[in-house]
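Please look over the sequence and the model before reading on.

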Amino acid sequence: MENKAQIVVVGAGHAGVEAALASARMGLDTILFTMSLDAIANLPCNPSIGGTAKGHLVYEIDALGGQMGKSADEVTLQARTLNLGKGAAVYSKRIQADRMKYRSIMKGVLESTKGLRVIQAEITDIEVVGEGDGRKISAVITRLGERFETECAILCTGTFLNGTIHTGNICYQSGPDSLMAATGLTEALRREGITMMRFKTGTPARIHADSIDYSKLEVQEGDKDQFPFSYATDEVEYANGEQIPCFITYTNQKTHEIIKSNIKRSAMYSGNIHGTGPRYCPSIEDKIVRFADKERHQLFLEPMGKDTKEMYLQGFSTSMPIEVQREMVHSLEGFENAEIMRYAYAIEYDCTDPQELLATLEYKKISGLYGAGQFNGTSGYEEAGAQGLVAGINASLKLLGREPLILPRSSSYIGTLIDDLVTKGTSEPYRMMTSRSEYRLLLRQDNADYRLTPIGREVGLVGDEQWEHYIKKRAEVEKEIERARHTIIRPSEELNEMLEALGTSPIATGVSLYELIKRPQLDYDNMAKFDTSRPQMKKSIIFTAQTEIKYEGYVKKQLAEVKRSEKMEQRLLPQELDYTTIKGLRIEAQQKLNKVKPLTLGQASRISGVSPADISVLMIYLEA
């Protein structure tokens with residue numbers, strides 16, 4: 001085996017897995033390096049995949065030809081759709097995943113992928129050749145001194161770079177789950193002029209299932225009707241043939257008193273932690289301090305797998321000393337005799353400034369070097385997988401001599417995520433949310449394939465089977481919408497009684513099913529009895545057709561907004577432009593524009609510190 005590859009991927013977490021699979025499937029000779037072959041695609045924190053906006057990312061990864069959705073469907077213990085009380089645009093699927101099985105499946109997929117080598121080794125250094133703007137990656141070096149030549153390297157190091165575990169006043173160098181920390185690479189990157197940041201995240205304790213009094217907890221069952229994440233899954237098969245329940249409990253006054261009286265012993269409040277933590281996933285002590293008026297906080301007890309007794313206590317992340325952790329856990333109803341199998345901890349780690357990356361996730365300073373996942377300052381498995389997929393695609397397209405893939409914000413949550421990172425940067429672990437997208441009415445879970453499968457086909461990741469599935473689904477949805485337009489529902493006493501009972505006006509003449517479905521009170525379910533010509537259809541076809549009908553007016557308005565914004569996105573900005581030479585730009589705008597080097601006027605308008613007046617100056621400059 002030669003010590004070289006066209007593409008090397010450093011780290012086999014969720015970003016690394018997607019990056020390596022993408023490049024290998026696109027025909028590039030690829031090596032994936034991992035600190036441990038036993039921890040590939042590890043779920044070191046919550047044993048779940050999906051969630052608000054994150055579910056959208058999983059559907060989008062699958063639509064582009066990625067792996068996460070397929071594997072998630074195979075390990076589903078329970079599935080729920082979040083935000084059902086809101087519009088269909090923000091429905092977000094979340095599953096409880098069998099943690100060990102997920103790792104095993106992903107490892108098997110990697111090992112059986114043609115053109116991909118998986119090697120257990122720690123990368124501690126990189127080699128860069130050339131000078132100035134002509135610098136490019138040439139090799140990576142392992143801790144054992146092996147040198148691997150490469151044309152592209154994708155860094156997907158997760159939370160391992162100089163990882164430090166904190167529990168109370170005890171801190172030590174380690175990666176997550178007691179794996180080794182990665183040392184040396186941060187210093188190598190700094191040597192090459194790359195800016196590094198320090199972030200922090202954490203995880204709660206794991207509790208022995210048999211030590212919990214479930215009679216004191218609320219049961220949380222999964223949803224009965226669930227669409228799989230992947231086109232390739234006909235029907236999700238649950239462990240033991242049925243979904244495993246989760247449970248809900250709450251903190252109480254006693255819990256809060258224990259935390260308040262020991263707050264200075266938390267690594268978060270003792271001054272030991274200097275990295276910035278995630279705003280939207282705070283530790284329990286942070287919640288108690290920030291939301292002092294709240295009498296209780298909801299916690300979720302979630303299974304880690306069907307063959308383990310470990311239960312995950314979501315919402316109870318902490319960096320308290322272990323004796324305080326025991327008191328905190330035992331203060332919860334149902335946990336009076338709970339046995340802690342793994343203690344909670346906080347972890348600090350190094351990551352890069354994503355504003356040093358292009359929208360392709362390639363470094364501006366070093367050709368062929370890419371970053372993806374938590375290395376880019378994000379949090380979450382789904383955000384990582386999405387970035388890894390895009391980085392793997394773009395590294396491959398670069399070596400194939402093809403145009404890069406840059407997804408616009410209007411196309412996907414993936415496009416929004418990457419644009420936010422490279423344009424605005426982040427001062428804390430970035431988490432995807434539906435509110436971050438101004439085009440969320442267009443970016444639903446159920447139409448991810450409409451938006452992205454043609455792109456996945458064009459880049460070479462969507463095979464014939466997936467493409468045929470996409471073509472068939474699209475044709476069936478369009479056929480059903482057309483049928484709804486031409487299906488006339490006649491008035492009847494029974495129909496009008498139902499309409500009035502639901503709070504909508506009765507009909508006096510025949511009305512198309514299409515127009516009736518547009519009413520907020522009506523849907524395919526309550527119209528089934530009166531829609532006598534309806535053919536047999538999959539629930540997924542009905543859902544998409546119904547949503548397309550209901551959202552038609554809003555979608556037209558948002559598409560008009562997209563067209564207006566496209567004009568700004570099509571105005572290219574010269575990459576060699578020195579913004580300090582443009583008269584009329586404010587000093588802050590000059591500095592921010594020179595740092596980001598936006599590709600387009602649209603991207604420039606989204607940079608923090610660049611005002612509409614500055615954009616007007618740029619427009620005048622471009623016209624001149």
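## Terms and model

Two strands pair if DSSP finds at least two bridges between them. Strands (E, at least two residues) are DSSP runs, numbered from the N terminus. This is a predicted model, where local features need pLDDT of at least 70, side-chain atom pairs count only at pLDDT 80 or more, and totals for chains, interfaces and linings use all residues. Residues are numbered from 1 along each chain as its sequence is written, and side-chain values use heavy atoms, with hydrogens and water left out.

Six strands form an open sheet in the order 14-15-16-17-13-18. Their pairing is antiparallel. Strand 14 (218–220) and strand 18 (340–342) stand at the edges. Each has a single partner strand, so one side of each lacks a neighbour in the sheet. From one strand to the next, the twist averages 35° (between N-to-C directions of axes, lines fitted to C-alpha atoms; angles run from 0 to 180 degrees).

Strand 13 (residues 206–208) runs antiparallel to strand 18, and two bridges join them. Here R206 stands opposite R342 of strand 18.

C246 is in no disulfide either, and the nearest cysteine sulfur, that of C45, is 15 Å away.

Is C246 buried or exposed (buried under 20% relative accessible area, exposed over 50%, partly exposed in between; 1.4 Å probe, protein chains only)? C246 is buried, at 1% relative accessibility. C171 is partly exposed, at 44%.

Terms used. A disulfide is a pair of cysteine sulfur atoms within 2.5 Å. Helices (H or I, at least four residues) and strands (E, at least two) are DSSP runs, numbered from the N terminus.
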